[in-house]
Every structure is written in structure tokens, then in C-alpha cells.
Amino acid sequence: MSKLLLVLGDQLSMDIASLREGDKVSDVVVMAEVADEASYVQHHPKKIAFIFAAMRKFAKALEQDGWTVAYTKLDDDENSGSIGGELLRRAEEYDAGEVIATEPGEWRLISHLEDLPIPVHQFQNDLFIASHKEFEDWAEGRKALRMEYFYRDMRRKTGLLMDGDKPVGEKWNFDHDNRKPAPDEVTFDGPLKFEPDEIVEDVLDLVETRFDNSFGDLRPFWFATDRGQALEQLNHFIEHGLPKFGDFQDAMLNDNRFLYHGLVSFYMNAGLLSPLEVCEAAAKAYDDGNAPINAVEGFIRQIIGWREYVRGIYFLEGPDYPRRNGLNHQRGLPDFYWGAETKMNCISKAVAQTKEDAYAHHIQRLMVTGNFALLAGINPNEVHEWYLAVYADAYEWVEAPNVVGMSQFADGGIIASKPYVSSGSYINKMSDYCKNCDYSVSKKTGDGACPFNLLYWHFLIRHRDRFDNNPRMAQMYRVFDRMDEERRETVLAEADAFLEKLGKEVV
Ligand code: FAD
Ligand code: DLZ
Ligand code: SF4
């Protein structure tokens, strides 16, 4: 009896476990564009188009490689609308008695597969560097799960930037040399932009008709949609962007949204690139003398450190993790996250580029949109659903720990040892946003004062019971306590007045 081999839209690799466990001669690969996956949040149209186009091209590549592929397009009449429905339909069609799957990146889909009335064997997705067991062993008995120590183990495991058992350059972390303010001039012209071919055009037409109400611009569509193109983007970045990645990874500019970023998360998360090959390419650039250690170490840390670590946390913490609300924040997500007008230039810029490209870089996600949501006390569940919808690299395993944990401190401090909050001065230091803003970043109170300045204190005081004893925050409470009483009252009253206006008028 033949088996069905499930390949999901973010598992587009010839090395994926379900293919490895299957037999080219007797088994059938199942791939399906389904309404359930395309609508569990209102995904950005570019994200849906990227996944569908990459799926169609991957199916072709599989066929060329000798596999039998049962591929369902979204508009096929028989399409049942769900992954499970398609597996059952194909099981009947091919007289298959079992399904081999690679474990999905979301608890939702893992249980959907477990609940099917056909045996489904879910193999771990070993495109990642750490297995669940390795992460669990690392986490076992630790009081605090700090990324830095996990990262060192991943360096030892992969041998990346290692000199025997010592880190290259005699330091594990070169962040001290990184994170400079925005440069006047950017010498990298950003990611490669690919002209849509016939397959991509077909998908764009489909997405245009079926998802025309979703937030986000479908065109111009420029993403890589197959492995060859993704490799071109990787090589382009390694050669031209990586050397200054470290220096400017936290910078933000009005007129340059990509700076020196890699734009590889879309492709790694969908399986088109493997994290190890991306890191090896970066390490080679260092070995060849084409990129400095601070850039290469910083880049590799993001991937074998942060990326693996957040995945470990997602699977360690279990299905309820994305719904946590440790600070009990209940305010609704303001309309300006969906493109409504706001006078805050930093937010307006981050949202506009998210709408156009389904992309924002880390600091825009963390210190602009994330920071505002946390300061304003937005319900983290709504924040989570927004991030999951609007970014083309968003799948729950990576999005939820970053949003619920790192950005909104809603997991009670598992990922972050203190909340990532800042006043406007951080944004002003790292960007040129404040120069074009209706608000004044230098004003702490009064007409035109930057809302981040007001909300920063409001957040700290609102949660004083929770953070007063956190040594990393003591200094900020001391600053507040040293303000004269009238000033303290004014700040908090103005922050209240601002929050009162949220959702009622343009702020
Ligand atoms: P670069 O800046 O060039 O970094 C290189 C690579 O490092 C990325 O491609 C990514 O794979 C990895 N990386 C860096 N930081 C992280 C991190 N914190 N977690 C995981 N991987 C990381 N990343 C996603 O892939 N999907 C998400 O849904 C996602 N949501 C985020 C939400 C918030 C609130 C924050 C603060 C971060 C989020 N990130 C997410 C992490 C990071 O913002 C993106 O990985 C990065 O912006 C992708 O762009 P890039 O490829 O140009 O990255
Ligand atoms: C995100 C996504 C979308 C939009 N559509 C599909 C789809 O139609 N078929 C499919 O196999 N996968 C899709 N995906 C990716 C899945 O949602 C993803 O596998 C899970 O979110 C787990 O990471
Ligand atoms: Fe953002 Fe405040 Fe700067 Fe305006 S002044 S761009 S609101 S940080």
C-alpha cells in the first residue's frame, strides 16, 4: 500500500523529513493550497502569493526529480479547504493507508494532523539545528533560559566561528562593536527583486481575486519563489550587505527600509534555504576576509542563536504560549496598525512598509510597533495576530515567542529579563524618523510631546509592583522618583489623556 507524504507550504526542501522517509516509486507527495491555512489569520497578500508560488514551483521540482505529486490548487473544484480534508481525499484516490508528515511549525496544525482518522506519523523537522530533545536538555534545571548560553552550545555543535573549542576572535559576542546609529549614506542597494514569471503571475491573479480585502499590497511582487532565486538573494547579501550588517542592524531610516539586512527569513522559514548553509556562507565571507567578525558573528548569532532559541521556547512552553497575557493588557489594537492615519512618523513608516512589502526589520518590529503596543497596554493576543498576519516570514513557532515573549513581555519574562520599552529618545538615536514627525521627541510633556515619552513612564508606573525589584529597572524608577511631584503628575495625566484618545481620534 502506498503512503502519502505531506509537504506543507513552509517545508519546501528536498531534505525535508517526510520525503526522506518516503519512497519515490510507491509513495505520493501531497501538497495543497487550502482556505484554512490561507485564512486562520488575515495574511498579507504577498505572504500568501509567496507561499503558493513557491509551493507550485517546488511541486514541479519534485516531479522533475521523479516524485509523484498530488497538488491541489486553491481554486480546484474538489478542494476540501483543509490539509486534513486533502489528505483524506488523496488517501482514497491513491488507496493509501498512512501519512508521513514533517512536524508543522504550529501547535494548531500538529493537533489537526493528530486528530485525523488515518495514521499520521509526524517526524521532527530537522532542517533546524537543535532538536526538541537538545533544547529540553539544555533548558532542564536552569533558572533562567538566556539565549546567550544556548547560542554558545550551538556554536560548539556546528563548529561555526570556532577555533577548536574556543570562539574565533576569543569572544563569543561582538555586539559591543555593533548597533551604531543610522548612517548618512547606505552603500547597499537592498534585496534582489525578481520579475514575476508565468507561475508567479498566475498566483498573483488568484490572490488578487480571492484575498482582495486583506491588509497589504500584492503588487509590485518581487520575492524569490524558488531555491535558485533564494540562493541568489543570499549570495547578493553576503557579498554586498553582510560587511556592514553588524554596524547598522538596529538603525532605521525614513528613505531606506532594508539598510544592510539579509532578507533571508522568508526563504529560510519556507525551507528554500537551510539555516546552516546561510551561516556557512557568512562564515566563509569572514574566512575569505570579505566581512568583519562583528558583522559575521552578529548575523550567525541571529540564526543559530535567536532563531533556534525562540523555536525551542515555542515547543517547550506548549500550545497555550501564544495566548499568554502576563501583564494583563486589554486595550484593543489601534486602527493605525492597519494603515489608518497616525501623526507618529515612526509608526506610520513601519506600518507603511509592512503594508507594501510584508517586511520590517527587527528593530522596527521590536522598538517601534512592538514598543508602542507594550507601552500602550494593547492586548498581546491582538498584537500576536497582527504580527502573524502581516509579515511574510511569520509562522507561529517564530512569531509568537518574538511577539508574546520578547516584545510584549506577556510570557512573564521567560525570553526577556526585562521589558523592551523605551521612550522616544531611543528611536531618535537610531533613526531619522523624529525629524519628520508632528510630535517633538525632545518634549517630555505639553503640547506636541512625543507619545513614547509619556507612555514610557505610564508603563513603568502602571507595572511598578511587577518591576520595582528588577535590578535592571531600578535606575529608571529612581529617575522617576527624582522628578518633582508636579512633573510626575503631569506626565501620567498626559499619558492618560493620550490613551483616552486612542481609537477615537487621529493621534
Ligand atoms: P536579518 O536582520 O538580516 O537577520 C538575519 C536572520 O536572523 C533573519 O533572517 C532571521 O532568520 C534571524 N533572526 C534575527 N532575529 C531573530 C529573532 N528574534 N527570531 C528569529 N530569527 C531571528 N522573524 C521571523 O522569521 N518571523 C517572524 O514572524 C518574526 N516576528 C518578529 C516579531 C517581533 C516583534 C520581533 C521583535 C522580531 C520578529 N522576528 C521574526 C525576528 C526578526 O525581526 C526577523 O527574523 C528579521 O527581521 C527578518 O529579516 P531579515 O531576514 O532581513 O533579517
Ligand atoms: C501560511 C500558509 C498559507 C498561507 N497557506 C498554506 C497552504 O495553503 N498550504 C500549506 O500547506 N501551507 C500553507 N501555509 C503554511 C502553513 O500554514 C504552515 O505550515 C503552518 O502555519 C505551520 O508552520
Ligand atoms: Fe516616533 Fe516620537 Fe520620534 Fe515621532 S517623535 S517619530 S512619535 S519617537
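**Helix packing, a parallel sheet and a ligand shell**

In this predicted model, helix H15 passes helix H19 in a left-handed crossing. H15 spans residues 362-376 and H19 spans residues 451-462, and the two pack at an angle of about 50° with their axes 8 Å apart. The two helices are therefore oblique to each other. On the H15 side, the contact is made by Met367, Val368, Asn371, Phe372, Leu374, Leu375 and Ala376, while H19 contributes Phe452, Leu455, Tyr456, Phe459 and Arg462. Sorted by class, this contact of H15 with H19 holds ten nonpolar residues, one polar residue and one charged residue.

Around ligand 3 stand Met344, Cys346, Gly424, Ile427, Tyr433, Cys434, Cys437, Tyr439, Val441, Cys450 and Phe452. This shell divides into ten nonpolar residues and one polar residue, with no charged residue among them.

Helix H6 (residues 132-139) and helix H13 (residues 293-317) have axes that come within 10 Å and cross at roughly 85°. H6 and H13 are therefore roughly perpendicular to each other. His132, Phe135, Glu136, Trp138 and Ala139 of H6 meet Tyr309, Arg311, Gly312, Ile313, Phe315 and Leu316 of H13. The residues of this contact comprise seven nonpolar, two polar and two charged.

Attention now turns to the strands. Five of them form an open sheet with parallel pairing, and their order is S3-S2-S1-S4-S5. Strand S3 (68-72) and strand S5 (120-123) stand at the edges with a single partner strand each, so one side of each has no neighbour in the sheet. From one strand to the next, the twist averages 25°.

Strand S2 (residues 28-32) runs parallel to S3, and five bridges join the two. In one example, Val30 has Ala70 in S3 as its bridge partner.

Helices also lie across this sheet. Helix H3 (residues 45-64) lies across S2 and S3, and runs at about 160° to S3. Helix H4 (residues 83-94) lies across strand S1 (3-6), S2, S3 and strand S4 (98-102), with a direction at about 135° to S3.

Note on methods: Residues are numbered from 1 along each chain as its sequence is written. Chains are lettered from A and ligands numbered from 1 in the order in which they are written. This is a predicted model: local features need pLDDT of at least 70, side-chain atom pairs count only at pLDDT 80 or more; totals for chains, interfaces and linings use all residues. Side-chain values use heavy atoms; hydrogens and water are left out. Axes are lines fitted to C-alpha atoms, for helices over the stretch in contact, and angles run from 0 to 180 degrees between N-to-C directions. Helices (H or I, at least four residues) and strands (E, at least two) are DSSP runs, numbered from the N terminus. Angles under 35 degrees count as roughly parallel, over 145 as roughly antiparallel, 65 to 115 as roughly perpendicular and the rest as oblique. A crossing is left-handed if the near helix is turned anticlockwise from the far one by less than a right angle, and right-handed if clockwise. Contact means heavy atoms within 4.5 Å. Ala, Val, Leu, Ile, Met, Phe, Trp, Tyr, Cys and Pro count as nonpolar, Asp, Glu, Lys and Arg as charged, and the others, Gly among them, as polar. A residue is near a molecule or strand if one of its heavy atoms lies within 4 Å of it. Two strands pair if DSSP finds at least two bridges between them.
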